[in-house]
Amino acid sequence: MSSRKKPLGFPSIETKHMQERDALFFALQNLDRRAFLKLSAAAAGVVAAKGLMPPHSFQPVTVAHAQSPAGKLESFRFAYISDSHLYDRTLNDRFINALMRAVDDVNALDPQPDFVLFGGDLAQLGQPKELELGAQILKNLKAPVRMMVGEHDWYLDMGEKWRALFGAPTYSFDHKGVHFVVLNSVVEKDFWTARKLTPMERMRTVAGLDNGVQSPFSVGDEQRAWLAQDLAKISAATPLIVFSHSPLYKLYRPWNFWTEDAEQVQALLKKFQRATVIHGHTHQLLTQRLGNIHFHGMLSTAWPWPYAPEGLPNYTIQMNRPDPFNPNDGCGNGAVFVHPDGLVDKLYNLWNRNPVTVKSTYLASSGKRDKPLAPNLPSY
Amino acid sequence: MTKASIHVWLTLGALLGACAAPREAPAPAAPAEPSAAPKEAAPAPGTKGVEVTLCDGKTTTFAAEGSSGATVAGALMSEWLRKNPNVNWEAEEHERHKLEPAADNKALIGMTNGQTYGQISAQDVALWKAETERLALSGSEVFHSADQLGSTVAVSCDMCHPHAANTHPETYPKYQVQLGRVALLRDMINWCIEHPVRGTALSADDPRMRALEAYLYAQRKGKVLEYGKR
Amino acid sequence: MTPSLLLSIRRGPLRSWFSGALLLSCSATLPEGARADDAHKGGAPHGAMPMADQLAMASPWLKPSVGVPPGVSPLFFQSIVPAQLPNTEAVVALGRALYFEPRLSKDGSVACATCHDTSRGFTDQRGTSEGIGDQIGKRNAPTTMNALFFQTQFWDGRAPTLEAQAKLPITNPIEMGQPDGDTAVAAIAENPEYQRAFQAAFARAPNFDDLAVAIATFERTLVFLGAPFDRFAQGDASAISDDAKAGFALFNGKARCTACHQISGSNPIGSDNRFHNIGVSARHQDFEGLVKKGLLALEKSDSREALDELALQTDLSELGRFIVTRNRSEIGAFKTQQLRNVGVTAPYMHDGSLVTLWDVMDHYNKGGEANPFLDGGIEPLDLSERELDQVVAFLFSLTDDRLAAQNRAEEARQRALAAKQRPMRDEALATRKKFLFEDRANHAREGSK
């Protein structure tokens, strides 16, 4: 606008735009930092009260650190990118571009998350070139990255390249009072030796979600033993977050939305007052609660899965059925807000859709409060 | 080789030969005397004849002048079999990808009502089931194979549609705005092949299209027809 | 004004537009005073053709017509036109007079036909439009041709009907600048011709709502769907060139245009009526900074009036549909525009930033402009130069036959311009050698963005 004329009377909607815009711009320039934060916190509070979370990319600076009864915990946030299923650059461009888009999204977060979880299935067929390409793209993340392995990364060479690039697939760490465990939960019983499959045949078998030749995922005796002794070191009051590629519960066997020894793993988590599982593999919005454990799925950057015809947890409010005419629909990345009490809000940053947040209070209240929005296009 | 198995191999050859265009059968599926001929010797120099190539573009045989069609077909099939020892594709595909069974017509067996055309035997019922499922099964093979779909980006249908979930063949025909017309199932299949799969659209009577449709309908067995549903 | 006076206004070069039936078909007369713009030599204010000249030139197209326009399916027409509105000849005639009436503006220089000029594709063929006091706005003027077929009006869909749309520019300070609708009405209400016209149309005195209804009803007669492409679609194989036919095939296939620009019997204009971020808004400013600041101050209420209270940064125009719906998914999203007559409605996009159809094709061919809200349907297309030419040929075949000469001139002009400059072209992106988000992802570490 070349001139700012005072309105003469009843202004049109465009006039009001320009006026308010000018007024706030002027006002914003004159806010001191405290007033600015108050403005944004208030705005965020209003939105939160309406049951909408502000888009995570534009979350105002963290509100005051709340103290837990133990006096040790602060709230924090980590982001996730998962299931990128990369092919070589010359073969498929879409999946690579999508991962780059996710990296760009996470890098745009302000403030930056404490770390970024990669949720598994970096490569599509576990090939060294695919894994290296993925590693190279993820290096562009500004925040530190924690890697988790998926079946697509593993079954070509049984994890050899993964270990070389990213280290041990199973490990734990502590962050701001929360204990994190990362599992390789895609262990399958040997189905390939008897059939004399080549490594690539084995990989392709596992790569087919609906391929019935492969075995169900599991954590396995060895890892469960490791998990037991790792968890023995921490108290039941310590918030626990487990990263797993398979869901660590039994949802739908034909698609390996399944962990064979789920009950045994859950038994190890049973003693904790606040235990959360963040899992990949399912490429959709998925929510479950079993006893004390909250389960949240992660989105894929590459493609969405449909919902299983049976076994869907009651807690899950489906995301809208993806529209095939938008190749990004149903895909995205997201974040996890860890509250001072150790419970989490799970944000799904769906591309070209409003973000969806599944709040800790939803699961904590057994689904009575803060229910996410119902889809208008459910799976059928 | 029996008549039935030649038919199977010819069908299989048509499917797996990566022939995109509709074509006539490579050779008449005439009953053949069991062709026990081993790899044929090179034709004697000066023998008149013609080189016959199977529709896969690779398998060839020399047909000497005057040889019968059945001999040519048999020779081609032997050659093809030698190169493609995967005879057990059905059992393997069943193991890999669950297929909904076709309708069981056993209740019809043995009821004649004095009508010859209505006379159903157990063999009939078994044959119907086997053949119907075989086409659907070959559709499952195409469905799960980026190569057979002609994808240039290594994407196969099962990547978004495990077990053909979310394909909803029972909702077609329906008006699809982006296609500018009422889409039949095959139109939507072709759209998917052109865009997410980035291949070339199949013609309506391409064996792969027929097989894919069969597979999709098979997997949605029991669903209510509701054309136009979104 | 009598028909004979109209004849005398015609200038030489305009004769080519004149068709014999013109005078006799005019059944409404322009009220006195509407010839004020004759005082501007060489054209009306803001670059428009003088109103009287426009009327003279366009009259064959502006016959008062009621009911379903020829060539449009009655079923489809009924679904988009409010059934209860009056649709008599008198209303249409009044609306036509008002469309060309500059006295509705504060300084008498701007009519609807100033920015929706019948000689310039029913738009103004400028990047963004100019209003009273020579103020330039932020948005490109969409054409009024076929505007009736949209589900919403404006680039951000903030007006649900043509009636709602007609009112807003009248009271916008940089467009027609009236303080309110009643002042605009008062400017013409004393005129006995208008009084007679309003009585005939609505059986009451002039008022703002009826004014809007009249203009909208007139605009509903502006159906321009008689293009060479339509003749081709009806079976005349020679109606369009082979290139255009190939372009149509690409349009429906490899070029992915039908993801948003569907053209069919029941959707004749080439728009899905939805809002998509294709990256134009992100190209030449700190789009994300703008969005960040805008989102920091969120609405406190759901009502449309609360829009006013939403505090936004400069260039908020670039946020597009987000301003109306406050949906994060619609940040930087603008309405899919029609493709009809696109040959004569350059320049293109909400800010008029793409000057030729080749620029438009280059923009889409490379996958738009990467930004966090880019519509996933926008992808690099890897179209060759020849294929781009073919799609452009198809697009030029969508212009109504009545504008054929202008269309040819435009095609030549755009072709010459495109031969010299192709600012949107990016072969690496178009051929997928470089990926859309690659630069953004890779530069993060360097902290350059």
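Biologist: Where in chain C does Ser397(C) lie?

Modeller: This is a predicted model, so local features need pLDDT of at least 70 and side-chain atom pairs count only at pLDDT 80 or more, while totals for chains, interfaces and linings use all residues. Residues are numbered from 1 along each chain as its sequence is written, chains are lettered from A and ligands numbered from 1 in the order in which they are written, and side-chain values use heavy atoms, with hydrogens and water left out. Helices (H or I, at least four residues) and strands (E, at least two) are DSSP runs, numbered from the N terminus. Ser397(C) lies in the loop between α16 (385–396) and α17 (404–420) of chain C.

Biologist: Is Ser397(C) buried or exposed?

Modeller: Buried means under 20% relative accessible area, exposed over 50%, and partly exposed in between (1.4 Å probe, protein chains only). Contact means heavy atoms within 4.5 Å, and beyond its neighbours within four places in sequence, Ser397(C) is in contact with Ala227(C), Pro228(C), Phe229(C), Ile240(C) and Ala244(C). Its relative accessibility is 6%, so Ser397(C) counts as buried.

Biologist: What share of the residues of chain C count as buried?

Modeller: Chain C has 19 helices and two strands. Among its contacts with a separation of 6 or more, residues 24 or more positions apart account for 70%. Of its 449 residues, the share that counts as buried is 62%.

Biologist: And what share of chain B do buried residues make up?

Modeller: Chain B has seven helices and four strands, in the order α-β-β-α-α-α-α-β-β-α-α from the N terminus on. Residues 24 or more positions apart account for 57% of its contacts with a separation of 6 or more. Of the 230 residues in chain B, buried residues make up 42%.

Biologist: Which residues of chain C lose the most area to chain B?

Modeller: Buried area is the accessible area (1.4 Å probe) that two parts lose on being put together, summed over both. Between chain C and chain B it is about 650 Å², with 41% from carbon and sulfur atoms. The contact takes ten residues from chain C and six residues from chain B. On the chain C side, 45% of what is buried comes from three residues together: Arg256(C), Gln262(C) and Arg432(C).

Biologist: How many salt bridges does the rule find across the interface of chain C and chain B?

Modeller: A salt bridge is a side-chain nitrogen of Lys or Arg within 4 Å of a carboxyl oxygen of Asp or Glu. Over all chains, a search of the whole structure finds 51 salt bridges. Across the interface of chain C and chain B, though, the number found is zero.

Biologist: Which residue of chain A forms a salt bridge with Glu438(C)?

Modeller: Glu438(C) is in helix α19 (residues 438–443) of chain C and its partner is in the loop between β1 (76–81) and α3 of chain A, so the pair joins two chains. The closest N and O atoms are 3.0 Å apart, and the partner is Arg89(A).

Biologist: Which residue meets Arg96(B) in a salt bridge?

Modeller: Both residues lie in helix α3 (residues 89–96) of chain B, three residues apart, about one turn of the helix. An α-helix has 3.6 residues a turn, so residues three or four places apart point the same way. The N to O distance is 3.3 Å, and the partner is Glu93(B).

Biologist: Why is strand β7 of chain A largely enclosed by the rest of the structure?

Modeller: In a regular strand the side chains alternate between the two faces of the sheet. On one side of β7(A), Ala275(A), Val277(A) and His279(A) are buried, and on the other Thr276(A) and Ile278(A) are buried. Strand β7 (residues 275–279) is largely enclosed because its buried residues number five of the five.
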